[in-house]
Amino acid sequence: MLGSSWQGDFAAGGLVRLGYRFARIVAIDFVGWEQMATVNDRLDTGLTFGVTGFVPLKRVRPSLRVFAIHQHEEGAVSVAQTPGGFLFGIGSGIRHRAGGGLTLGAEIPLQCARPGELEWVIFVELQSIWFPPGAPAGPSGLGPEFYYGGNLGIGFNYSLPKMP
Amino acid sequence: MRKAAIILPVLVSAALGCWEDMSSYPCPPGGTTLTYENFGQSFFSEWCVSCHGGPNGYSSRAFTDVDSIRAEADDIFKNAAEDNATMPPGPVGPSKAQRDDLAEWLACGAP
């Protein structure tokens with residue numbers, strides 16, 4: 001992600017994705033990320049489950065993903081006081097938030113692959129996330145209402161060989 | 001794998017930066033004129049108790065009286081006093097002068 005609806009808030013990090021695609025068109029998938037953000041010296045741990053639809057073209061496969069998210073927003077002190085625990089949202093001062101998001105992207109295969117072979121791909125995406133404003137709150141709530149930005153990555157698809 | 005579990009949080013902590021703790025901020029030799037009545041109560045009411053107002057879905061820590069604040073003084077300092085700005089969440093927060101006052105008040109025992 002690149003930024004949020006908080007003024008002066010910028011973020012960067014890495015993500016991992018794991019999914020299962022049906023008939024090359026629809027996938028159910030998990031995407032998780034860890035990113036550092038400028039406001040509050042905080043770390044955001046995003047856990048998302050979603051559905052992705054692909055247009056199965058040969059050279060570029062456009063995609064649209066709809067997902068639900070649970071995100072932990074934790075300050076540097078929380079991270080240091082609970083080493084390892086912050087990855088699972090365990091520790092004091094960690095704000096748990098839930099919301100939803102959309103990702104518009106494209107997957108670009110780097111080579112042709114037959115069933116049983118790895119197909120390496122790069123992907124580029126634009127993403128936005130919305131968290132409903134929490135009930136409590138200080139002047140800024142528990143965290144930004146919107147996040148927006150992009151993802152760039154490399155991965156692979158593996159087509160299961162058909163049974164004889 | 002075990003090494004990674006130890007090293008990763010350390011690297012993340014280092015990347016996030018460090019913070020001042022209360023031992024680095026001694027109470028001024030003459031003490032402080034700040035008290036709970038003329039500073040602490042209004043500071044915490046303005047910036048903290050909307051979440052830290054009692055057990056709720058957002059925090060189990062309540063900072064609604066001076067005893068509970070004294071009990072958590074070290075953690076409050078690390079999160080919100082002097083140059084520490086982890087709390088309150090968001091770009092809108094106490095001014096630097098208010099955070100310096102909080103540091104002094106806590107360092108002097110939150111009288």
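## Helix H4 of chain B

In helix H4 (residues 73–80) of chain B, the buried residues (20 or more other C-beta atoms within 10 Å of their own, C-beta atoms being placed from the backbone) are Ile76(B), Phe77(B), Lys78(B), Asn79(B) and Ala80(B); helices here are DSSP runs of H or I with at least four residues, strands are runs of E with at least two, and both are numbered from the N terminus. Their cover includes strand E5 (61–75) and helix H1 (76–81) of chain A, together with helix H3 (66–71) and helix H5 (96–107) of chain B. After H4(B) comes Glu82(B), which has a positive phi near 55°.

This is a predicted model, in which local features need pLDDT of at least 70 and side-chain atom pairs count only at pLDDT 80 or more, while totals for chains, interfaces and linings use all residues. Residues are numbered from 1 along each chain as its sequence is written, and chains are lettered from A and ligands numbered from 1 in the order in which they are written.

## Packing of H2 and H5 in chain B

Phe39(B), Gly40(B) and Phe43(B) of H2(B) meet Gln98(B), Asp101(B), Leu102(B) and Trp105(B) of H5(B), where contact requires C-beta atoms, placed from the backbone, within 7 Å.

## The sheet of chain A

In chain A, 8 strands form an open antiparallel sheet in the order E1-E8-E7-E6-E5-E4-E3-E2, with pairing defined by at least two DSSP bridges between two strands. Strand E1 (3–4) and strand E2 (11–22) stand at the edges with a single partner strand each, so one side of each lacks a neighbour in the sheet.

Strand E3 (residues 26–37) and strand E4 (residues 42–54) of chain A run antiparallel and are joined by 12 bridges; Val26(A) has Gly53(A) in E4(A) as its bridge partner.

Terms used: A residue is buried if 20 or more other C-beta atoms lie within 10 Å of its own, exposed if 12 or fewer, and partly exposed in between; C-beta atoms are placed from the backbone. Two residues are in contact if their C-beta atoms, placed from the backbone, lie within 7 Å.
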